[in-house]
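Hi,

Here is the structure I said I'd pass on. Have a look at it first, and my notes follow below.

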Amino acid sequence: IRRKRTVNVVPHGGTSSPMLKVKPILVQLCIQIEQIGQSVKPHDFLVLANSLIEGTDMEKKVIEFKAKHCGYDINSERANLGPAYFRRFMNRNKHLIDEELYVHKLVIKHSEPKLFNAKGVEVFTPEEVHGVPTVY
């Protein structure tokens with residue numbers, strides 16, 4: 001840590017969580033869940049993330065990381081990713097999420113406008129369209 005004008009400055013971004021290796025899988029699962037018209041709520045996301053690493057070496061690494069950096073009990077048998085992990089995950093993946101529309105739901109921003117029916121399923125013919133084209 002350097003001192004710069006009486007403010008501590010960390011010259012690097014900090015230690016990376018071992019969960020960064022699982023991030024692409026979680027992002028892809030969230031995208032797939034959203035594409036079938038379901039919302040990803042924080043509780044459901046955390047159940048998914050915890051079950052993804054449960055009983056693996058990754059879970060042990062997460063427990064060790066949390067013990068070292070978060071004051072977590074090293075004797076715990078489960079990683080127990082919590083709401084803070086969900087918030088950080090959403091923050092790190094802003095490029096996939098529209099923060100203005102996010103209310104307990106992961107909203108995927110598409111590169112081109114798409115057409116949807118009344119149930120939120122993507123359609124390709126004008127007869128099935130309900131509403132206007134959207135990038136969300």
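Let's begin with Gly71, which takes a positive phi of about 70° just after helix H3. Before going further: this is a predicted model, where local features need pLDDT of at least 70 and side-chain atom pairs count only at pLDDT 80 or more, while totals for chains, interfaces and linings use all residues. Residues are numbered from 1 along each chain as its sequence is written, and side-chain values use heavy atoms, with hydrogens and water left out.

At its start, a side-chain oxygen of Thr56 comes to within 3.3 Å of the backbone nitrogen of Met58.

Which residues of H3 are buried? They are Met58, Glu59, Val62, Ile63, Phe65 and Lys66 (buried is under 20% relative accessible area, exposed over 50%, partly exposed in between, with a 1.4 Å probe and protein chains only). Down the axis of H3 these fall within an arc of 165°, so they line one face of the helix (the arc is taken over directions from the helix axis to the C-beta atoms). On the other side, Asp57, Lys60 and Lys68 are exposed. Helix H2 (42–53) is part of what covers the buried residues, with contact meaning heavy atoms within 4.5 Å.

Cheers

Definitions and conventions: Helices (H or I, at least four residues) and strands (E, at least two) are DSSP runs, numbered from the N terminus. A polar contact is a pair of N or O atoms within 3.5 Å; within protein, one must be able to donate a hydrogen and the other to accept it, and residues adjacent in sequence count only if both atoms are side-chain atoms.
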